[in-house]
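Thanks for coming. I will go through one model today, strand by strand where that helps, and end with a pocket.

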Amino acid sequence: MEKLSVVVSLITEQNDYQREQAASAQAAALKLGASLQIIYANNDAVQQTQQVLQFIQDPKKRPDAILVEPVGTGMPQVARAAVSAGIGWVVINAGVDYLSQLRQHSMVPVFSVISDHEAIGKIQGLQIGALLGNEGCVLYIEGPAVRDVSRLRTKGMMSSKPPNVTVKTLKGDWTQQSGHRAIQSWLALSTSRDLHVGVIACQNDDMAVGARRAFEELVDTKERDRWLTLPITGCDGVPKAGQNWVRQGRLAATIFSPPLVGDAIHLLANSRLTGTQPEERTLSTPSSFPALEELKQKQSAAASGQG
């Protein structure tokens, strides 16, 4: 049997979780002896479509499977073109509604591997409660609205945060630069002084640490110190990034969401070996870092002057 050849299309290289996705792909390919090519779309849905189509349309470039984490929509037309060309199609971290139909007549693996984004949001809402108590205001930096990731994380957070906690939402694009920009722009508004913000919560760690950098750059030392005493939380929990920033005290908490691409490649290899389709959707389970109970204890100690 020829070795498995895989193309992985990721959103951006300017994001720690995306780099962790790439690392998990490389580790899986090495273990399985598979051929791997990773491409990045630079947060551009059109560019991503064009990049992926090049592999589908040129018979010399065709891999056994394409794994794609979509920038925007789930790319249904591209998916159909891939399967028609005999290329397996795997969607990473995006809910799409066309897989069942594609799988009905497909001779190649067609499936998705997804983080439970609503569960991630729910954990973040519980973290907000642990850090803020039953009332107050959260400054919340969301990812782009074009993907259901941000929508599901927001839905989960809103469902689990304390009812009397209000939310002021800003927008980012998963990068540190966007978190930095969002805070800079917001601080330039006079209305930013009127909100009594108690927590800054971000939908990923890169935007969270970018937000912190914007506060660190404030010229007014009193204002800077006030903002930097507030807890900042993120999501993704990459060990060398988000988890490390928590240990350093740069972030108060994160949510560990395991990288998925390596698991998807293993599922592909197993499908090839057994001649069976993987489950249509595999869901990954997130966890709070630190654990919610530990977070409550730290906050309680800090509030009583012991921490």
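Before going on, the conditions. This is a predicted model, with local features needing pLDDT of at least 70 and side-chain atom pairs counting only at pLDDT 80 or more, while totals for chains, interfaces and linings use all residues. Residues are numbered from 1 along each chain as its sequence is written, and side-chain values use heavy atoms, without hydrogens and water. Helices (H or I, at least four residues) and strands (E, at least two) are DSSP runs numbered from the N terminus, and two strands pair if DSSP finds at least two bridges between them.

Back to the sheet. β6, residues 135–142, pairs with β7 in the parallel sense over eight bridges. The open sheet has four strands, ordered β7-β6-β8-β9, with parallel pairing. β7 (164–171) and β9 (232–233) are at the edges with a single partner strand each, so one side of each has no neighbour in the sheet.

The other open sheet has six strands in the order β2-β1-β3-β4-β5-β11, again with parallel pairing. Its edge strands, β2 and β11 (281–284), each pair on one side only. From one strand to the next the twist averages 15°. β1 and β2 share six parallel bridges, and Val8 stands opposite Ile38 in β2. Helix α2, residues 45–57, lies across β1, β2, β3 and β4, at about 155° to β2.

Which strands does α11 pack against? Its buried residues (under 20% relative accessible area, 1.4 Å probe, protein chains only) include Val261, Ile265 and Leu268. The buried residues of α11 pack against β1, β2, β3, β4 and β5, and also against helix α1 (16–32). After α11 comes Gly275, with a positive phi near 70°.

Last, the largest pocket, with a volume of about 260 Å³. Of its 15 lining residues, the closest to the centre are Pro231, Gly249, Leu251, Ala252 and Lys298. Helix α12, residues 292–303, gives the largest share of the lining, four residues. A pocket here is an open set of points on a 1 Å grid over the protein atoms alone where a 1.4 Å probe fits, with protein on both sides within 12 Å along at least five of seven lines; lining residues have an atom within 4 Å of a point. The volume is the space filled by probe spheres set on the points, which are joined across faces, edges and corners.

Notes. Buried means under 20% relative accessible area, exposed over 50%, partly exposed in between (1.4 Å probe, protein chains only). Contact means heavy atoms within 4.5 Å. Axes are lines fitted to C-alpha atoms, for helices over the stretch in contact, and angles run from 0 to 180 degrees between N-to-C directions.
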